[in-house]
Amino acid sequence: MSEFFDDLETRSADERADDIARALPRQIARAKALPGYADSLRDVDPAAIASVEALSALPVLRKSELGKSQAAHAPLGGFAAKKTHEYGHIFQSPGPIYEPGGIGDDWWRIGRFLHAAGVGKGDIVQNCFSYHLTPAGMIFENGARAVGAAVVPAGIGQTELQVRAAADIGTTAYAGTPDYLKIILDKAEEMGVSLGITKATVGGGALFPSLRQEYADRGIRCLQNYATADLGNIAYESPAMEGMIVDEGVIVEIVRPGTGDPVAPGEVGEVVVTSFNADYPLIRFATGDLSAVMEGASPCGRTNLRIKGWMGRADQTTKIKGMFVRPEQVADFVAKHPEIAKARVVASREGEADVMTVQVESNGGDADAYGRTIADVLKLKGKVEIVAPGALPNDGKVIDDVRTYD
């Protein structure tokens, strides 16, 4: 097996930028022709969007907007480049929100991740992602086909049957959530059955270091990826296991929650993704997940941007004194005072009452002026604490609810 899935993984920075300069304007043009982008891209010249820096000027598309648009342009919201019946599958996520799926050409680009994990011809993958309405099962099955592996479409549950199938068929690799493999392995031990699984490809949940080590102690190398129903593969681990490498079929930006403004490298923010999938051109799609860019390239030789993986959720909407406070409102407050580097709303309790404190990174500043803007923008009065630039934690939080209800 070749070390790399293809030559895209080892492009130089200049080669990658040149390829983006050719591909991105075409993708923007595809999107602009679709009714879902009628308002947001109306005045955009696709030829002018030829870099990641130029891309950052475009509006962010949030999943909530997909749901609203699907009500007007059923069932795919006017964001799909094909007619509904032309796709291989149509899936339903909670909301409900509908997503299209393709069958061929590694449509979700999971093959790249499986290849990095050492899965390929000769492997039999026990696919324990769900096949019911949601796309995870088909996403990984599609990827297994791309690398020439066979698939046991196991789904979730019926653990004893899972063990028997893995033993009888000769399963060599697992695909599923991080914790379900342990359930299968423990059941196999209980049944006195020996399994031949040596590779695990996981997603859809947190892979804790202790669990990864337990698998390693059982002779199983476990790598994880980060994917969504809308975008497919976003980033994945290589055997170097130093961060997650961004997939070659997307552009990833890390932005301040509630905005579309990129943050500095290393700063935690919301993951915003632009996909090069011509069938479903999502432009600056906000995932609602938090992560951060890792500087430098992976020791494995893959040269694309790295991120730290999933670091929580960006949607920190919190109710204080009966009113919802949203990240977008905090961003609006900061925008009205250019001297503010960052702000954080802290929700706490004093006695039996909610208290809102707004911590502001600023060199000096007028606390009274900040208080008036807070009341105007957040519709609530709160305490103001001015702190030195860099004093607030680098955790992506703009709203921190520290209240306890014990």
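Thr287 is buried, with a relative accessible area of 12% (buried means under 20% relative accessible area, with a 1.4 Å probe and protein chains only). The model is predicted, so that local features need pLDDT of at least 70 and side-chain atom pairs count only at pLDDT 80 or more, whereas totals for chains, interfaces and linings use all residues. Residues are numbered from 1 along each chain as its sequence is written, and side-chain values use heavy atoms, with hydrogens and water left out.

Thr287 belongs to strand S13, residues 285-291 (strands are DSSP runs of E, at least two residues, numbered from the N terminus). Beyond its neighbours within four places in sequence, Thr287 is in contact with residues including Leu231, Ile234, Val271 and Arg313, contact being heavy atoms within 4.5 Å. The side chains of Thr287 and Tyr226 are joined by a polar contact of 3.2 Å (a pair of N or O atoms within 3.5 Å; within protein, one must be able to donate a hydrogen and the other to accept it, and residues adjacent in sequence count only if both atoms are side-chain atoms).

The protein chain is divided into domain 1 (13-311) and domain 2 (318-401), with bounds from an automatic or database domain assignment. Nine residues of domain 1 are in contact with nine residues of domain 2. One salt bridge is counted between the domains, and a salt bridge (side-chain nitrogen of Lys or Arg within 4 Å of a carboxyl oxygen of Asp or Glu) joins the side chains of Lys342 and Glu267 at 3.8 Å, N to O.

Technical notes: Helices (H or I, at least four residues) and strands (E, at least two) are DSSP runs, numbered from the N terminus. Buried means under 20% relative accessible area, exposed over 50%, partly exposed in between (1.4 Å probe, protein chains only).
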